[in-house]
Each structure stands twice: as structure tokens, then as C-alpha cells.
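Me: I have a chain to go through. Please take its contacts one at a time, and give the cut-offs as you go.

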Amino acid sequence: MSKITVITFFIILGIAFSSSQIHNEPLPAQQVKDYYLAQTKLYINELENFRKNIPDGSKKNIQKYFLNARLRYKRLEALIEYYFNPFAVQINGAPIPYFEEDDPDKGQLEPAGMQVIEALIFPVYNSGKKEELLALTNRLITNAKTMLETNESFAFNDEYIIDAVIEEL
């Protein structure tokens with residue numbers, strides 16, 4: 001009888017210990033939110049590095065820093081497209097004029113974002129468009145910072161995160 005009691009005690013102790021270990025880790029939704037916040041800050045840093053190189057940078061450096069920012073954005077793309085869709089058009093919209101579906105009274109909006117910048121610096125960077133490139137980059141940084149500040153209104157939960165990944169696939 002005492003062997004069964006001891007074994008049962010250790011089983012219950014093991015379950016309690018493993019249960020307490022599980023609860024110390026943040027929930028998956030919180031981990032995704034933390035990932036989003038960290039990656040967005042790194043993305044903004046990459047954009048600022050890119051902007052610093054525009055005034056005096058060579059074609060090669062400008063393209064390199066832009067590609068670094070583009071790769072950082074790709075780590076966030078699924079979350080931005082799902083949770084921050086209005087920002088997605090401003091951050092990585094196609095380089096063509098568009099209309100806002102939710103607010104057609106705004107009329108035609110000018111393209112903005114990484115694809116517009118990409119068209120200015122690839123395949124050949126035209127240094128005569130430096131001011132336009134700086135303006136587009138400043139607008140992109142402002143949009144990314146605004147998106148970062150508005151994250152509290154979006155529900156990062158397990159259901160939506162899985163939905164966001166499925167939608168991106």
C-alpha cells in the first residue's frame with residue numbers, strides 16, 4: 001500500500017511541477033505580439049539606416065540598405081497584412097495609384113511604400129531623384145512608427161494568429 005501511495009505522490013508532484021513550468025512561459029499570442037514589436041522596431045531601424053545613406057550613399061550602399069529593410073519587412077509581412085491591412089498598402093503597396101475601398105470619397109491615392117522606392121533604385125539608381133526618395137522613405141518610416149504605436153487596439157490571440165498565417169499562405 002505504501003508503494004502505491006509513494007508512486008501516486010510522485011506522479012501528482014510531477015504533474016504539478018510540469019504544470020507550473022508551462023504557466024511561466026508567455027502564451028503563444030503574447031510571444032507573437034512580442035515578436036511583432038521587436039521585429040517592427042528592427043524594421044524601423046533598417047529604414048533609418050537606409051535613409052541615412054541616401055544623401056551621400058553610393059548606388060551599391062543604397063541598394064544594400066534597402067534590401068536589408070526589405071528582408072526585415074518580410075519577417076513581418078503576414079502579421080501586417082492581417083492585423084494592419086490599412087498600413088500594408090502604405091508600407092508595401094504596388095507602385096500604382098489606388099482607391100481606398102472603405103472610403104471612396106478620398107479619390108485616387110498616390111502609391112507609397114517599399115515597392116515605389118524599389119522602382120526608384122533598381123535596376124539603376126538615379127541620384128537626381130534623391131529628394132523624392134528621401135520623401136518616400138520619410139513617409140514610410142512615419143507609417144511604420146504609427147503602425148507600431150497603434151498595436152494595442154489589435155487582438156493578438158491564438159485564433160487570429162493561425163488565421164493570419166493561413167491567409168498569408
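**Salt bridges, core and rings**

The whole structure holds three salt bridges (a side-chain nitrogen of Lys or Arg within 4 Å of a carboxyl oxygen of Asp or Glu). This is a predicted model: local features need pLDDT of at least 70, side-chain atom pairs count only at pLDDT 80 or more, and totals for chains, interfaces and linings use all residues. Residues are numbered from 1 along each chain as its sequence is written, and side-chain values use heavy atoms, with hydrogens and water left out.

Me: How many residues apart in sequence are the parts that Lys145 and Glu48 tie together?

Reply: Lys145 forms a salt bridge with Glu48, with the closest N and O atoms 3.2 Å apart. Helices here are DSSP runs (H or I, at least four residues), as are strands (E, at least two), numbered from the N terminus. Lys145 lies in helix 7 (residues 130-149) and Glu48 in helix 2 (residues 28-53), so the parts tied together are apart in sequence by 97 residues.

Me: Is Arg70 buried or exposed?

Reply: Arg70 forms a salt bridge with Glu118, closest N to O 3.0 Å. That pair links helix 3 (residues 59-74) to helix 6 (residues 114-121), 48 residues apart. Buried means under 20% relative accessible area, exposed over 50%, partly exposed in between (1.4 Å probe, protein chains only). Glu118 is partly exposed at 30%, whereas Arg70, at 11% relative accessibility, counts as buried.

Me: Which residue meets Lys74 in a salt bridge?

Reply: Lys74 is partly exposed, at 43% relative accessibility. The side chains meet at 3.1 Å, N to O, and the partner is Glu77.

Me: What arc do the buried residues of helix 6 cover?

Reply: Met114, Val116, Ile117, Leu120 and Ile121 are buried in helix 6. They pack against helix 2, helix 3, helix 5 and helix 7, along with any other buried residues of helix 6. The arc is that of the directions from the helix axis to the C-beta atoms. They are on the same side of helix 6, because the arc is only 160 degrees.

Me: Which residues does Pro95 touch?

Reply: Pro95 is in the loop between helix 5 and strand 1 (98-99). Contact means heavy atoms within 4.5 Å. Not counting residues up to four places away in sequence, Pro95 touches Pro111, Gln115 and Val116.

Me: What kind of aromatic pair do Tyr82 and Tyr83 form?

Reply: Rings of Phe, Tyr and Trp (its six-membered ring) pair if their centres lie within 6.5 Å; planes under 30 degrees apart count as stacked, over 60 as edge-to-face and the rest as tilted. The count comes to six aromatic pairs. Tyr82 and Tyr83 lie 5.2 Å centre to centre, with 85 degrees between the planes, and the pair is edge-to-face.
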